[in-house]
Structure formats: structure tokens, C-alpha cells
Amino acid sequence: NTSGGVPHAVAHVNEDIYVGGSFTQWNGTVAFRIATYTDGAAAWNEPESGFNDDVFAIQQSVIDTNIVYVGGAFTQDGATIKTIRRISEYNIDTDTFTELGGGLDDNCSSIVAHPTGVFVAGRFINVPSFITLNRIGLYDYSLAQFTDLDTGVNDVVNKIILGPDGNLYAAGFFTQAGSGPITANRVAKWNIATSTWESLGQGFGDNSVSDIAFDNFGVLYAI
């Protein structure tokens, strides 16, 4: 059971389960917006001191299994000591959260870990006072900073996923993508190899797309 909120994200990390949301307590344990369950210990714990606002996304690194990326609405840790603006890297070994790449200026709602870096998406426009991303970007491991995806998209991104073709797919409120720009009604594909945006058919009409997923046959579903 929770206190003060609801869960928004769940992830399986190594042998543990991570849950993020708007709660301040999880199953009787003080846990500010994030909690972990360790199967061997049969107990819930709060990673470091948690966060001061909602967690929307949790994703384990594909390069280092002891690193977990967390996105949300938070601007500080739960103890309000460290500045962590909406995107964080959690080191399991040291039980510490650190701000990734200078943070983001608005909510991060979705994360995809990739061998080249960490894709992030949401409501944000900029890395504060530094780089314009426009709601979607990549924290590039080789550059150790965020980079834009051809100037991003023109409205909020709700969800990003990797497709079976190895490319990135995005869904949300947007209708255009890239510097061209191209028409991309609520859904679009970012071709990682060519660094270009591609439309997905006619897309969708007036309503936003909140979630997307591929089935085992490579068919994309949207809601």
C-alpha cells in the first residue's frame, strides 16, 4: 500500500523491483517517490533519500547493470539537499543519485537506455541554460552531454520505445518533427543510423497518443 500518492513506473532491475510515483510511503516504508523490493531480503527500501516530486520513468542501463536512470518532475532529492532536475542516474553500488547532464527544465516522462546513451522525452525544452532539445533528446555517452534529435518535436512526448528494427519510436501530442520539419501526427520514428525523423503513415488525428508498443510480429499499437 502507498501513502500520499500512486505508482507511475515499474522496472525489474537485476533481482530487484523498482517502483516510482507520487507516493511518500510504500508498504509501510518511508519512500519518497521511489522504492525497491529485494527478493532475497523480502523487504522494501528507499534508494538514498528518494525525490521531492513525482517519478514517471525508470530504466536500467544496458552498458552497466548497476546504473539505473530515473525521470520525473523532481528538482531535488527527497532530503532537499542535492539539485537533481528531472533526470537522474542512480548508482546501485554506492546508493547515490546524481543529476544527469545538467538536468532538464521540465518533466521527463519516458526513458530508453541504448548502447550509445540515454534517450529521454517529455515536456522539457532545454537542458537549463545550455542546450535546446525540444521535448526529446539523447544523453550521448561519447560526448558526456545531451544532444538534440534534429531539433526535436513541436509538442509534448508521452512515450518513447525501441522498435524491433533498433530505431526509436515516439508518441505524444506533437504534429511535426525535425528541422524540416516533417508532418508527424502524434507518432514518429527516429532513425538512429541516419539521424533523421520519419513519419508513420498518416499518424493520428486530434487526440494525443499516450502509449505505444510492438507485438511479437513487429506490429506497432498505439493508445
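Is Phe-217 buried or exposed, and at what relative accessibility? Phe-217 counts as exposed because its relative accessibility is 76%, where exposed stands for over 50% relative accessible area, buried for under 20% and partly exposed for values in between (1.4 Å probe, protein chains only).

The views below show a predicted model, in which local features need pLDDT of at least 70, side-chain atom pairs count only at pLDDT 80 or more, and totals for chains, interfaces and linings use all residues. Residues are numbered from 1 along each chain as its sequence is written, and side-chain values use heavy atoms, with hydrogens and water left out.

**View A. A nonpolar surface patch that includes Phe-217.** Phe-217, Val-219 and Tyr-221 make a patch of about 380 Å². Patches consist of residues with over 30% relative accessible area and no salt bridge, like charges being joined within 9 Å and nonpolar side chains (Val, Leu, Ile, Met, Phe, Trp, Tyr) within 5 Å. Accessible areas come from the Shrake-Rupley method with a 1.4 Å probe, and for residues only the protein chains shown count as cover. Phe-217 belongs to the loop between strand 24 (212-214) and strand 25 (220-222); strands (E, at least two residues) are DSSP runs numbered from the N terminus.

**View B. The salt bridge between Arg-85 and Glu-99.** A salt bridge is a side-chain nitrogen of Lys or Arg within 4 Å of a carboxyl oxygen of Asp or Glu. By this rule there are four salt bridges. In the one shown here, the N to O distance between the side chains of Arg-85 and Glu-99 is 2.8 Å. Arg-85 lies in the loop between strand 9 (67-72) and strand 10 (87-91) and Glu-99 in strand 11 (residues 96-99), so the pair ties together parts 14 residues apart in sequence. Arg-85 is partly exposed at 28% relative accessibility, and Glu-99 is partly exposed at 23%.

**View C. A salt-bridge network of Asp-165, Lys-189 and Glu-198.** The side chains of Lys-189 and Asp-165 meet in a salt bridge of 3.3 Å, N to O. Lys-189 is part of strand 22 (residues 187-191), while Asp-165 sits in the loop between strand 18 (157-162) and strand 19 (168-172), so this pair ties together parts 24 residues apart in sequence. Lys-189 also forms a salt bridge with Glu-198, with the closest N and O atoms 3.6 Å apart. Shared partners join Asp-165, Lys-189 and Glu-198 into one network. Lys-189 counts as buried at 14% relative accessibility, whereas Asp-165 is partly exposed at 40% and Glu-198 is partly exposed at 27%.

Note on methods: Helices (H or I, at least four residues) and strands (E, at least two) are DSSP runs, numbered from the N terminus.
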